[in-house]
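Please read it with the sequence and the model in view.

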Amino acid sequence: MGRYSTEPENASKSCKARGVNLRVHFKNTRETAQAIKHMHLRKAIRYLKDVVQKKQIVPFRRFNGGVGRKAQAKNFKAPGSQGRWPLKSAQILLQLLKNAESNAEVKTLNADALVIDHIQVNQATKIRRRTYRAHGRINQYMSSPCHVEMILVEKDEAVPKGEEEQTQKKKVSQKKLKRQKMKHALSGGD
């Protein structure tokens with residue numbers, strides 16, 4: 001078992017999942033991973049399922065050379081409205097999220113409160129093949145696999161403010177207090 005690039009602050013409230021030498025394009029997977037970073041687990045799963053069905057798009061921000069413009073990408077404020085629907089990357093990340101959810105159940109964490117705190121995609125060693133070209137030449141035919149690691153953290157639910165705090169008086173400035181004193185003095189109420 002390899003080391004993760006970072007460790008969670010509270011190991012008891014987090015779960016991990018990783019995939020090594022995944023036969024899926026590095027660049028597409030990196031962009032898909034960035035799209036789901038800091039999302040809640042349920043929202044990320046729903047988003048990736050929508051990507052597979054082409055209902056939502058993955059905005060391409062870094063590796064966007066030659067990526068076409070799409071109307072759906074405007075929703076994400078992607079540069080140049082560039083985006084794609086990387087099917088294989090979305091399916092791989094769905095499998096990893098499912099694995100992380102299973103790991104959370106083993107640790108008795110609340111799956112509805114899990115948030116993707118850390119997700120990282122690294123390039124793996126390229127797989128070499130060759131293709132035959134005209135005039136008896138041979139060219140390389142490489143694939144770009146990747147390693148993916150993610151850490152999900154159970155976030156505490158936001159606690160609403162108490163009624164006592166909301167009913168407190170609003171702070172009044174010194175200038176306003178002086179004005180009120182002057183009005184009070186002028187009206188003759190002493």
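**Note on the packing of helices and sheet**

1. The first point concerns helix 1 and helix 2 (residues 41-52), whose axes come within 10 Å and cross at roughly 140°. Please note that the model under discussion is a predicted one. Angles over 145 degrees count as roughly antiparallel and 65 to 115 as roughly perpendicular, the rest between these ranges being oblique; helix 1 and helix 2 are therefore oblique to each other. The crossing in which helix 1 passes helix 2 is right-handed. On the side of helix 1, the contact is made by T32, A35 and I36, and on the side of helix 2 by A44, Y47 and L48. Sorted by class, the contact of helix 1 with helix 2 comprises 5 nonpolar residues, 1 polar residue and no charged residues.

2. The crossing of helix 1 and helix 3 is right-handed. From helix 1, the residues N28, T29, T32, A33 and I36 take part, and they meet S89, A90, L93 and L97 of helix 3. By class, the contact of helix 1 with helix 3 has 5 nonpolar and 4 polar residues, with no charged residues.

3. Helix 2 contributes L41, R42, A44, I45, L48, K49, V51 and V52 to the contact, while helix 3 contributes L87, A90, Q91, L93, L94, L97 and E101. By class, the contact of helix 2 with helix 3 holds 11 nonpolar residues, 1 polar residue and 3 charged residues.

4. How much of helix 1 is buried? The count is 9 of its 11 residues, so helix 1 is largely enclosed by the rest of the structure. The buried residues of helix 1 are F26, N28, T29, R30, E31, T32, A33, A35 and I36. They pack against helix 2 and helix 3, and also against strand 2 (58-59), strand 3 (83-84), strand 4 and strand 7. After helix 1 comes H38, which has a positive phi, near 65°.

5. The sheet deserves a separate point. Strands of a sheet pair through backbone hydrogen bonds, either parallel or antiparallel. In this model, 3 strands form an open sheet in the order 1-7-4, and the pairing is antiparallel. Strand 1 (14-22) and strand 4 (114-123) are the edge strands, each pairing on one side only. From one strand to the next, the twist averages 10°. Helix 1 (residues 26-36) packs on this sheet, where it touches strand 4 and strand 7; the direction of helix 1 makes about 160° with that of strand 4.

6. S14 has V153 of strand 7 as its bridge partner. Strand 7 is mostly covered, with 8 of its 9 residues buried.

7. The last point concerns D112, a residue of the loop between helix 3 and strand 4. Is D112 buried or exposed? Its relative accessibility is 52%, and residues over 50% count as exposed, so D112 counts as exposed. Leaving aside residues up to four places away in sequence, D112 touches H40 and R42. D112 and R42 are 70 residues apart in sequence, yet 6.7 Å apart in space, C-alpha to C-alpha.

Technical notes
Residues are numbered from 1 along each chain as its sequence is written. This is a predicted model: local features need pLDDT of at least 70, side-chain atom pairs count only at pLDDT 80 or more; totals for chains, interfaces and linings use all residues. Side-chain values use heavy atoms; hydrogens and water are left out. Two strands pair if DSSP finds at least two bridges between them. Helices (H or I, at least four residues) and strands (E, at least two) are DSSP runs, numbered from the N terminus. Axes are lines fitted to C-alpha atoms, for helices over the stretch in contact, and angles run from 0 to 180 degrees between N-to-C directions. Contact means heavy atoms within 4.5 Å. A crossing is left-handed if the near helix is turned anticlockwise from the far one by less than a right angle, and right-handed if clockwise. Ala, Val, Leu, Ile, Met, Phe, Trp, Tyr, Cys and Pro count as nonpolar, Asp, Glu, Lys and Arg as charged, and the others, Gly among them, as polar. Buried means under 20% relative accessible area, exposed over 50%, partly exposed in between (1.4 Å probe, protein chains only). Angles under 35 degrees count as roughly parallel, over 145 as roughly antiparallel, 65 to 115 as roughly perpendicular and the rest as oblique.
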